[in-house]
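Subject: Structure handover

Hello,

Here is the structure for you to look through.

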Amino acid sequence: MSKFQRDYIITMKDVIKEGDPILRKVIDEIPMPPGEEEKEELTCMMNFLKNSQDPVMSKRYNLRAGVGLSANQIGLNKKMFAAYFTDEKGELHELALINPKIVSTSTTMIYLPQSEGCLSVDRDVVGYVPRYERVKIQAHDKGGNVVSLRFKGFASIVMQHEIDHLNGVMFYDRINQDNPFQLPADVEIRSIL
Ligand code: UDB
Ligand code: ZN
């Protein structure tokens, strides 16, 4: 049993930082349907994201405003993540996905001009992180139902960042190591802003 039960409040001290091997591991799938334990962990993760974006709660608990959190970032070897953010069209995305996988991608790519950052990284890392402009994801929801979802733009970046975590990949692995602002050649790629 993890400590992340229904009313537990996740703070930055619960967030695993780079250097910990769990951030470099291919994380295990969750048997379906998920148990109460996984559902409560996802609820805590979602509450963390909401608290982190709430001025009162983020100040009270000293939280960085987060848009996504994968389970291995709180030390759980479980393939699931929560995401909570508003996209460039102003639409709110609230997602708790289990065993997510990318089933198809666009050929076109995008990047965040201000670089990405990560809740598990307490330093500034500069450079462009090339991401697919669109992704189609297959996953399970908290009820164990199969869901098929399509994302573009910022939402697509968040999904790829979180799924990368579940495969042991950090955002800076995708930055060109010779020149952090060098974009991949022979690919159509643009800034999302
Ligand atoms: C974040 N937030 O939560 F473009 F309204 C980052 C941190 C590391 C800076 C807190 C973020 O990018 N917020 C944001 C960005 C915008 C517009 C806006 C809010 N993460 C989550 C994370 O580390 N999950 O593992 C990093 C994001 C970088 C790109 C996608 C995830
Ligand atoms: Zn991250």
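This is a predicted model: local features need pLDDT of at least 70, side-chain atom pairs count only at pLDDT 80 or more; totals for chains, interfaces and linings use all residues.

**Ligand site**

Start with ligand 1. It has 18 residues around it. The closest are Val-67, Gln-73, Leu-119, Glu-162 and His-165.

What is the make-up of that shell: how many residues are nonpolar, polar or charged? The shell around ligand 1 holds 8 nonpolar, 7 polar and 3 charged residues. Helix α3, residues 154-166, gives the most to the shell, with 6 residues.

- Val-67: a backbone N or O atom is 2.9 Å from an oxygen atom of ligand 1.
- Gly-68: a backbone N or O atom sits 3.0 Å from a nitrogen atom of ligand 1.
- His-165: here the side chain takes part, with an N or O atom 3.0 Å from an oxygen atom of ligand 1.

How much of ligand 1 does the protein cover? On its own, ligand 1 has 640 Å² of accessible area, and the protein covers 77% of that. The space that ligand 1 takes is also the largest pocket.

**Aromatic pairs**

The count of aromatic pairs comes to 5. One of them is Tyr-111 with Tyr-128. Where do the two partners lie in the chain? Tyr-111 belongs to strand β4 (residues 109-111). Tyr-128 is in the loop between β4 and β5 (131-132). The two are 17 residues apart, so the pair links distant parts of the chain.

**Backbone details**

Look at Met-32 and Pro-33. A cis peptide bond joins them, with omega about -5 degrees. Pro-33 is found in the segment before α1 (36-52).

Then go to Asn-62. Its phi is positive, about 60 degrees, although Asn-62 is not a glycine. Asn-62 lies in the loop between α2 (55-61) and β1 (68-70).

Best wishes

Terms used:
Residues are numbered from 1 along each chain as its sequence is written. Chains are lettered from A and ligands numbered from 1 in the order in which they are written. Side-chain values use heavy atoms; hydrogens and water are left out. A residue is near a molecule or strand if one of its heavy atoms lies within 4 Å of it. A polar contact is a pair of N or O atoms within 3.5 Å; within protein, one must be able to donate a hydrogen and the other to accept it, and residues adjacent in sequence count only if both atoms are side-chain atoms. Accessible areas come from the Shrake-Rupley method with a 1.4 Å probe; for residues, only the protein chains shown count as cover. On a 1 Å grid over the protein atoms alone, a cavity is a set of points where a 1.4 Å probe fits but cannot get out, and a pocket is an open set with protein on both sides within 12 Å along at least five of seven lines; lining residues have an atom within 4 Å of a point. A molecule sits in a cavity or pocket if more than half of its atoms lie within 2 Å of its grid points. Helices (H or I, at least four residues) and strands (E, at least two) are DSSP runs, numbered from the N terminus. Ala, Val, Leu, Ile, Met, Phe, Trp, Tyr, Cys and Pro count as nonpolar, Asp, Glu, Lys and Arg as charged, and the others, Gly among them, as polar. Rings of Phe, Tyr and Trp (its six-membered ring) pair if their centres lie within 6.5 Å; planes under 30 degrees apart count as stacked, over 60 as edge-to-face and the rest as tilted.
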